[in-house]
Amino acid sequence: MASASRSGARMPRTLIALLMTLAMALMLAASPLAPAVRIAHAEGTNVAAGQATSGGSGAASGASGSSGGESTTPIAGPVPNVIITNFTYGEGSVAVGSDFTLSFTFQNKGKVAVSNMVVTVDGGENFAIAGGTNTFYFDALSAGRSATQSVPMQALPAAKSGAQGVTVSFRYEYVDSGSRSSSSSDIRISVPVSQPDRFQLDAPVPPEDATVGNETTITMNYVNKGKGDIANVEASIEGDGFDTTAKTQYIGNVASGANGSIGFAFTPTQSGELQAKLHIAYEDSDGKAQSKDFPVTVNVADAAPMPAGATTFEEPQQNQGMPAWAWAAIAVAVIVVVVLIVVLVRRRRKKKAKKSEIDEEWDEWNKPDGDGKTGPSDPADGASGASVAAQTAPVPAPSSASDPEATQLIATPQTPSVAGDGPADQAQARRARRGRA
């Protein structure tokens, strides 16, 4: 009985230990760190008295089954990068219209290899492919490896001066975590373009007859044959044996296709061969400073001697304007002449009109009447004739012994007697008055 009671007391303890082991196994299976804990537990845990070994193994296998049902997301690897590490196009700048070879080196900077790479070169509006194609294929490019490609190109005649861009495009594929992906990149490089210097300056033209003390001129023609503008053109004259008011002239900018002339006025101070130099400085279409020198020789003769007794005189100044008072005097004179002409014309017209009226009246006076007599035709012809005769009849002067002209007859005009107030009498009176006038 005593042994039976002791074994019965021992059985609950064994059952409790087994239950605790199963609970711990379930907790470990639900935890994210289940695999590592299971391994550590399997290695470092001793089941008491070898009990529940098979049960522990079953629990561990059950925990493994639980963890095997979970799924994990793989992390993507690094994306490869292809860049241009170096490129060449020749020395200096590329002149418009000329051919050159563009050579560039590109490298895979990624951690994985790339394949099926296509490289495209685009010159834009300033460059063109000088024969061949602008697309190139590369089968593969391992990580860290480089490759070089050369492209024959040409700078177009209409290309602008300065640095102009060329675009190089890369398209490729790569394998990442067992899956294939694609990527692309565009890289832009610059190629300097220059317009040729076609600013043409002709040789200076010296004067044909230069004499000491007389001002003369050296001229030079220029033309810009280039497609770009020429800026800050400046000309100067250097030398000895002459005087000039301005040794330096600023011409300014010269547009494409423009032309002109540069002239230097100077006065020789000594005879013989005068050595001078014309210096021209400017900036070409690329902004670079340029300069050109032109030596010139001028033969200067002595001034002709003045004849004896000759007097010097100053030449009249040309293009001298007339003073204001002279213009005012001319205007007044013109106005006076116009006024005189108008007055004379009006007087002449008045005289002609008056003479015409008198002639018409005499024509009416001398017109014969119905009876063949001249004079006014009115009923009082007899009375009128008597009155007219009375006007012209001589009147004897009173006799006087002291008057020596007593015997002279004086014709005194008499006022014609008015026979009536009719129209004929009035017309006769008007004619008489006009006759006296």
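This is a predicted model: local features need pLDDT of at least 70, side-chain atom pairs count only at pLDDT 80 or more; totals for chains, interfaces and linings use all residues.
Visitor: Is Phe106 buried or exposed?

Guide: Phe106 is buried, because its relative accessible area is 0% and buried means under 20%. Phe104 also has 0% relative accessibility and counts as buried.

Visitor: Which aromatic pair do Phe106 and Phe138 form?

Guide: Phe106 and Phe138 form an edge-to-face pair, at 5.1 Å centre to centre with 75° between the planes. Phe106 belongs to strand S3 (residues 99–108) and Phe138 to strand S6 (residues 135–141), so this pair ties together parts 32 residues apart in sequence. Both Phe106 and Phe138 are buried. Ring pairs link Phe104, Phe106, Phe138 and Phe170 into a cluster.

Visitor: How many salt bridges does a search of the whole structure find?

Guide: The search finds 2 salt bridges. In one, the closest N and O atoms of Glu173 and Arg180 are 3.4 Å apart. Glu173 is partly exposed at 26% relative accessibility, while Arg180 is exposed, with a relative accessible area of 52%.

Visitor: What parts does the salt bridge of Glu238 and Lys277 tie together?

Guide: The side chains of Glu238 and Lys277 meet at 3.5 Å, N to O. Glu238 lies in strand S13 (residues 230–239) and Lys277 in strand S17 (residues 272–283), so the pair ties together parts 39 residues apart in sequence. Glu238 is partly exposed at 37%, and Lys277 is partly exposed at 31%.

Terms used
Residues are numbered from 1 along each chain as its sequence is written. Side-chain values use heavy atoms; hydrogens and water are left out. Buried means under 20% relative accessible area, exposed over 50%, partly exposed in between (1.4 Å probe, protein chains only). Rings of Phe, Tyr and Trp (its six-membered ring) pair if their centres lie within 6.5 Å; planes under 30 degrees apart count as stacked, over 60 as edge-to-face and the rest as tilted. Helices (H or I, at least four residues) and strands (E, at least two) are DSSP runs, numbered from the N terminus. A salt bridge is a side-chain nitrogen of Lys or Arg within 4 Å of a carboxyl oxygen of Asp or Glu.
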